Amino acid sequence: MLNTTLTKLIAAYCDEMIAFRRDLHQHPELPFEEVRTTQRIVQQLKQIGIDYRLTEPTGVIAEIKGAKPGKTVLLRADIDALPVMELNDKIDYQSTISGKMHACGHDTHTAMLLTAAKALYQIRDQLTGNVRLVFQPAEEIAQGANAMIAQGVMIGVDNVFGMHIWSKMRSHQLACVVGPTFASADLLKVTFKGQGGHGSMPHDTVDAAMVASAFVMNVQAIVSREIDPLEPAVVTIGKMVVGTRFNVIAENAVLEGTVRCFNLEVRNKLEAAIERYAQQVAAMYRATAKVEYTYGTLPLVNESQSALLAQSIIQQAFGEEALHAERPTTGAEDFSYYLEHAPGAFALVGSGNPAKDTQWAHHHGCFNVDEDSLTRGAELYAQYAFAYLQQNQF
Ligand code: NI
């Protein structure tokens, strides 16, 4: 099932892929500011000869039309960087912009997808159908995918495939599990209103600090007492702003947090329970509560046929032992929005290698990848598109 020409081409493009990735690494751009990155992608597409269109405000959609008509498979790479200070001092391609860094590896995704595109374009005579290439901005703020979808990227698409380089997995391992892979990630803000006053006379006040504290302690009971123990869920209050001075009883408390799970029914339960806890805790102390619950990314759930296709490619291309059964992560990925419109799958490409000091967590200033992983990622992109179109001819 593997296309051996693709394998050879990608191996031949390896050096230029790494050089391109390093160039992006030196010039990181934050979400929706990926102007230079977009220009660099366009330069490459023009050089190869692939038709493209720009999206607003940044990003590119390109398409390789096969010789014979068929389905359309979408390959997606995200292109944005983070407001993180790079701490890698042993490489000669550090970020040139202080306080900005490709600390999640999206530079590698961009380079891998362009390389896969170049190889697929060379064998377009063998393609039955089309390969749509999506260079998506603003994944880190979970807005890029929806921006691309609003601009028509999913029109006519039959299947979607994406990947993330993954430092938690060793650089010879790849994963694409059937079912949940990333969690939903919602934003929670709770405002409690009490009545301030002198710290010496609590009976004349309604202490918002007391209400907020009770809420933080109680809200964890939702996960432990109301959600099925076989369904993972996280409620985290990460920020609490309350009070002004040691002897002043706080009038207001503002709490912010994140809610994660893998199942929309669980998400609805969590949302309703958080509202109830906030209202009831506030009432217990004579305060009032306002809950603002904002939906973030959806759970990313791999469709089984697509995930199994990716698994079989991983095994054929890199050996049985390369296929890793990585557990789902409570991290989030806005690739989930594409999966609302078409079946597909999202793979993880291991890049951790202690010998090369690339085992650091994503978003850390020391994050880097074992660049040997790039060839594997590019190969997986290209072979997935080819195999999907082969399997799904009209
Ligand atoms: Ni990322």
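His 362 sits in the loop between strand E15 (344–352) and helix H9 (372–391). The model is predicted. Leaving aside residues up to four places away in sequence, His 362 touches Ala 103, Cys 104, His 164, Ile 165, Trp 166, Ser 167 and Phe 367.

Next comes a sheet. Four strands form an open sheet in the order E10-E12-E8-E13, and the pairing is antiparallel. Strand E10 (233–242) and strand E13 (288–297) are the edges, each pairing on one side only. On average, neighbouring strands are turned by 15° against each other, direction ignored.

Inside this sheet, strand E8 (residues 184–193) pairs with strand E12 (residues 252–261) over 10 bridges, in the antiparallel sense. Phe 192 has Ala 253 in E12 as its bridge partner.

Two helices lie across these strands. Helix H6 (residues 208–225) lies across E8, E10 and E12, at about 175° to E10. Helix H7 (residues 264–284) lies across E8, E10, E12 and E13, at about 160° to E13.

Helix H3 (residues 35–48) packs against helix H4 (residues 106–122) at an angle of about 10°, with axes 10 Å apart. H3 is therefore roughly parallel to H4. Their crossing is right-handed. H3 contributes Ile 41, Gln 44, Leu 45 and Ile 48 to the contact, while H4 contributes Thr 110, Leu 114, Lys 118, Tyr 121 and Gln 122. By class, the H3–H4 contact has five nonpolar, three polar and one charged residues.

Definitions and conventions
Residues are numbered from 1 along each chain as its sequence is written. This is a predicted model: local features need pLDDT of at least 70, side-chain atom pairs count only at pLDDT 80 or more; totals for chains, interfaces and linings use all residues. Side-chain values use heavy atoms; hydrogens and water are left out. Axes are lines fitted to C-alpha atoms, for helices over the stretch in contact, and angles run from 0 to 180 degrees between N-to-C directions. Angles under 35 degrees count as roughly parallel, over 145 as roughly antiparallel, 65 to 115 as roughly perpendicular and the rest as oblique. A crossing is left-handed if the near helix is turned anticlockwise from the far one by less than a right angle, and right-handed if clockwise. Contact means heavy atoms within 4.5 Å. Ala, Val, Leu, Ile, Met, Phe, Trp, Tyr, Cys and Pro count as nonpolar, Asp, Glu, Lys and Arg as charged, and the others, Gly among them, as polar. Two strands pair if DSSP finds at least two bridges between them.
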